[in-house]
Amino acid sequence: MATHIQPEGLADKGIAGETVAPPPRKERKLGSGIEIVLLAIFMVVMLFPVVWMLETALKDTRDIYAVPAKVISFTPTLDHFKNVFSSDSPVFQGFINSVIVAGFSTLIATVLGVPAAWAYSRFALKAKKDQLFFILSTRFMPPVVVVIPVFLMFRDLNLLDTLPGLILVYSAFNLPFTIWMMKGFIDEVPAEYEEAAMLDGFSRFEAFWRVTMPLLIPGIAATAVFALIFSWNEFVFSIFLITDPDTRTAPSAIAGLIGGTTIDWGLVAASAMTFAVPVLVFAFLVRKHLVAGVTLGAVRR
Amino acid sequence: MANTLQTPPQNAPQAQTLEAPPAARRFAFLTDRKLALLFILPAFALLLFLSIWPLLWLLGLSFTDYSATRDSGYEFIAFDNYVTVLTSEVVHARALTTLIFVVGAVGLQTILGFTIAFLISRRIKGRGAITTLFLIPMMLSPIVVGLFWKFMLDVQFGVVNSFLDSLGFGRVEWLTQQRLALFSLVIVDTWQWTPFIMLIALAGLTAVPKYLYEAAEIDRASEWFKFRRITFPLVWPLLLIAVMFRAIEAFRLFDLVYILTGGGPGGTTETLSFNVYKVAFFGFDTGLASAYGILMVIVVTIAAQFYLRYLNRLQER
């Protein structure tokens with residue numbers, strides 16, 4: 001027990017130096033070297049495709065198709081990125097649509113999901129666990145299967161090829177995640193705070209709104225960022241529900257670039273990088289909650 | 001003794017504080033029950049509209065010979081669609097393809113992801129930065145990942161073949177050669193999702209209490225012993241969660257197939273999801289595709305139930 005109170009390092013030397021430290025094992029040092037090399041190899045393999053795509057986006061068209069491939073020796077150019085943002089770019093409108101769809105669907109999922117998560121966290125409801133599990137299991141449905149009836153439904157409702165239709169689908173798609181993620185955050189806020197506020201004369205709703213809500217802001221922000229990323233990256237619903245070039249989102253616009261007989265890989269690479277960078281920035285902002293985020297709020301550590 | 005007791009203050013201030021309530025009880029009409037309904041129903045309504053109702057519709061369609069492109073009516077044909085799907089040779093082949101893909105990809109991801117997490121957990125310096133860099137592939141959209149790799153695996157000017165060429169090996173048709181195309185899909189999926197397993201395994205590894213290792217150190221336990229008896233048993237439950245999650249997602253794989261191979265060559269990379277898509281949007285046999293879809297939903301639901309029950313048991317511990 002006492003060793004835990006001792007400052008770091010002292011414990012290794014034994015209490016009052018009575019025991020001699022065991023001789024350092026040689027194999028351990030060698031093992032550590034191998035570990036570092038292995039880790040470095042994994043790192044190179046994992047990062048190479050990203051670096052390669054960035055390089056491709058920065059090369060001029062002749063260097064892209066050079067054989068053997070030019071890894072370092074090329075003159076960087078921003079031409080492809082200029083093409084992405086130019087007025088006759090085939091993908092620029094897609095980016096605008098993606099921002100609209102991701103933004104609104106996140107807003108709807110948050111507005112509907114946070115109160116629901118609070119209710120699930122605070123109240124004793126009938127078969128609460130089953131309800132929560134049911135909600136999460138809707139998220140596991142294969143998108144290609146769900147899109148068949150949604151397609152027919154949207155055809156009847158004239159929602160095909162429209163942004164509001166896609167916004168609704170993404171809201172429903174993000175809602176299970178928002179509820180689960182937020183329930184975790186709300187469970188961490190003691191219910192006693194609300195009870196104390198209610199003793200002071202607040203109603204239950206006011207206690208939620210004025211006491212708990214301000215404490216949830218960071219959690220809501222993190223949850224919303226994940227919902228943004230999921231909507232932004234989603235691909236299957238977007239290609240099936242929208243085919244109109246004016247309303248399609250960035251993923252289907254970018255996928256459209258490889259449809260023709262000749263592919264402008266420079267433009268594809270620049271579009272893909274432009275598409276990926278915001279996600280990486282956002283993901284970096286919420287890295288503390290990444291485990292909960294990528295498991296749809298199911299695993300919390 | 002008695003003099004220690006204070007006399008109560010003469011002009012009692014309690015009455016004042018009790019008078020006006022500090023906050024107006026606005027929204028007091030919302031009882032707990034009403035509030036719960038008000039908060040949960042809108043969320044449920046959206047799910048009902050876009051998740052549950054479509055599935056019921058799908059179920060209904062699966063018993064008919066409805067076609068989305070035909071305006072004429074449709075007939076009720078009971079379980080004919082299900083019989084057709086379940087006895088179809090093509091579906092069996094696609095199911096096998098999907099199974100190979102799920103086992104191959106998730107297996108590789110688990111081994112690699114756990115290895116990387118284990119290596120990272122033994123480092124002290126630069127752990128945060130290393131982890132962040134490793135996580136990049138996972139955050140990318142499947143469309144971006146698919147395009148990255150389609151370009152890199154290109155026969156003529158792909159960088160992979162370029163490397164192989166300069167090393168003296170021949171060029172390889174990664175995405176257009178039978179057998180190899182499915183392997184390429186496994187590789188790409190592994191590239192994207194190894195970080196996922198790694199992230200969760202790392203969460204498990206860092207949660208293993210240090211004193212267990214210290215105790216083992218005192219007993220001069222070998223590294224292997226420590227791994228087998230301390231690290232692995234404690235990380236395993238969390239790792240299993242990650243593996244199940246990945247398996248469900250891999251079963252639904254569609255986007256990578258759509259971008260990388262389009263199901264080819266000769267249908268060898270067609271997963272069940274991709275096959276459903278072809279039946280529904282090229283064959284326009286909506287009824288058949290619905291039955292096909294319902295069967296997939298059943299498989300996913302059973303898998304998801306296993307996953308959620310296990311998760312529940314883990315959380316209650």
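Visitor: Before anything else, what counts as buried here?
Guide: A residue is buried if 20 or more other C-beta atoms lie within 10 Å of its own. Bear in mind that this is a predicted model.

Visitor: Fine. Which residues of helix α8 in chain B are buried?
Guide: In α8 of chain B, residues 159–166, they are B:Val159, B:Val160, B:Asn161 and B:Ser162.

Visitor: And what follows α8(B)?
Guide: B:Gly168 does, and its phi is positive, near 95°.

Visitor: Switching to chain A. Where is confidence lowest and where is it highest?
Guide: Helix α1 of chain A, residues 2–5, has the lowest, with a mean pLDDT of 42. The highest is in helix α5 of chain A, residues 92–122, at 96. Chain A averages 87, and 90% of its residues score at least 70.

Visitor: What about residues 1–18 of chain A?
Guide: Their pLDDT stays under 50, and the model has 5 contacts for them beyond four places in sequence. Where pLDDT is low, the predicted coordinates should not be read in detail.

Visitor: How many residues of chain A are in contact with chain B?
Guide: 80 residues of chain A, against 79 of chain B. Helix α2 of chain A, residues 26–58, gives the largest share of chain A's side, 12 residues. By class, that side has 64 nonpolar, 9 polar and 7 charged residues.

Visitor: What domains does chain A have?
Guide: The domain assignment gives domain 1 (22–77) and domain 2 (92–294). Their C-alpha centres lie 34 Å apart. The contact between them takes 7 residues from domain 1 of chain A and 6 from domain 2 of chain A.

Visitor: Which element gives the largest share on the domain 1 side?
Guide: α2(A), with 4 residues.

Notes
Residues numbered from 1 in each chain as written. Chains lettered and ligands numbered in written order. Predicted model: local features only at pLDDT ≥ 70, side-chain atom pairs only at ≥ 80, totals over all residues. Buried ≥ 20, exposed ≤ 12 C-beta atoms within 10 Å, placed from the backbone. Helix = DSSP H or I, 4+ residues; strand = E, 2+ residues; numbered from the N terminus. pLDDT = per-residue confidence, 0-100. Contact = placed C-beta atoms within 7 Å. Nonpolar A, V, L, I, M, F, W, Y, C, P; charged D, E, K, R; others polar. Domains from an automatic or database assignment.
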